[in-house]
Amino acid sequence: MKTLEAFLAKEEGPVVARVAELAAEWGLFELQKALVAAFERLKEGGSDLDPQCWGKLALIKALQSLGWPDADVYVSGCRTVQPEPVWGGKEDSAPALRAKSALALAECPGVSLERATDVLVRLLTDPAWNVRAGAAQAIAGLGYAPSASLLKLCVLVGDSEPRVIGVCLDGLLHLLGKEAVPFVQEVLETPGAAGLEAICALAASSVPEAVQAASKAWDKFPEARSRKAIIASFASSPTPEATEFLLSLLAGERGNALEALSALMPKLQEPSLRERAEKAISSNKNRALQDETMEMLEQ
């Protein structure tokens, strides 16, 4: 233990990162204070001590895994910016650290809702899209329904990265359940990437009404790449409605049928569901596709 503490107190980021990983893996709760001290030491040392923030990121992950209850270190992570030399200038290497710190802050048992919200709302305007997405996910993770207004505002203002919109919509469905469905449906009517993010959020939801809304909007997205993303979203939903929709695709066009079958594969260990899949495939009017999907099913 003393050797690990010495590494945390003196070594540079890559070595500290490995110690932090071991602390989390082995459940070394007695190292928590040393992990916090190592974080502040590496933050003060900047890129000279911790290039690419490898050490600081691993420390935040370890502290989150070990359930460290003092929010100060996570707040410090949320506020860390580390410029590093790149071709033609400097670039911030800390976005992944800020995003992870945001998620850790939302799970921290010792932080007040007011403090967490104050920190996270600032990250919603971060220059890095993955930090904005992490902040939105963290706000939803707080589980405080009135915070949904912040996520709605982000959607209405818009974002240069559609994935941020998608995370906000996922968060709204998580916080508000079926009450969020009409708002997400409004976004679904938006042309372009935002609409695709909206139907994917509905399809992946654990809210039956959301999944049903996605099923009804399927025909609005005929492009193959969009449909592949939507099918993957249905596959991630735990609802029976999502499974039913995927089964219905087995009797349709080749691309959709093959993608749906691939998405259903992990669930087809259940005999009754496998039987239903075989029945849906048999009803496909394309005999060549029947043979192709049946062969895929039997592999």
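Visitor: Is tryptophan 218 buried or exposed?
Guide: In this predicted model, where local features need pLDDT of at least 70, side-chain atom pairs count only at pLDDT 80 or more and totals for chains, interfaces and linings use all residues, tryptophan 218 has a relative accessible area of 7%. Residues are numbered from 1 along each chain as its sequence is written, and side-chain values use heavy atoms, with hydrogens and water left out. Under 20% relative accessible area counts as buried, over 50% as exposed and in between as partly exposed (1.4 Å probe, protein chains only), so tryptophan 218 is buried, at 7%.

Visitor: How many aromatic pairs does a search of the whole structure find?
Guide: Rings of Phe, Tyr and Trp (its six-membered ring) pair if their centres lie within 6.5 Å, and planes under 30 degrees apart count as stacked, over 60 as edge-to-face and the rest as tilted. By that rule, the search of the whole structure gives 2 aromatic pairs.

Visitor: What kind of aromatic pair do tryptophan 218 and phenylalanine 245 form?
Guide: The two ring centres are 5.3 Å apart, with 70 degrees between the planes. Phenylalanine 245 is buried, with a relative accessible area of 10%. By its angle, the pair of tryptophan 218 and phenylalanine 245 is edge-to-face.

Visitor: Which residues do ring pairs link into a cluster?
Guide: Phenylalanine 234 is among the H14 residues that meet H12, and ring pairs bring this residue into the cluster too. The members are Trp218, Phe234 and Phe245.

Visitor: At what angle do helix H12 (residues 193-204) and H14 pack?
Guide: Helices (H or I, at least four residues) and strands (E, at least two) are DSSP runs, numbered from the N terminus. Axes are lines fitted to C-alpha atoms, for helices over the stretch in contact, and angles run from 0 to 180 degrees between N-to-C directions. The axes of H12 and H14 are 7 Å apart, and the packing angle is about 25 degrees.

Visitor: Which residues is serine 101 in contact with, leaving aside its neighbours within four places in sequence?
Guide: Serine 101 is found in helix H6 (residues 95-107) and is buried, with a relative accessible area of 0%. Contact means heavy atoms within 4.5 Å. With neighbours within four places in sequence left aside, the contacts of serine 101 are Ile60, Tyr74, Gly77 and Cys78.
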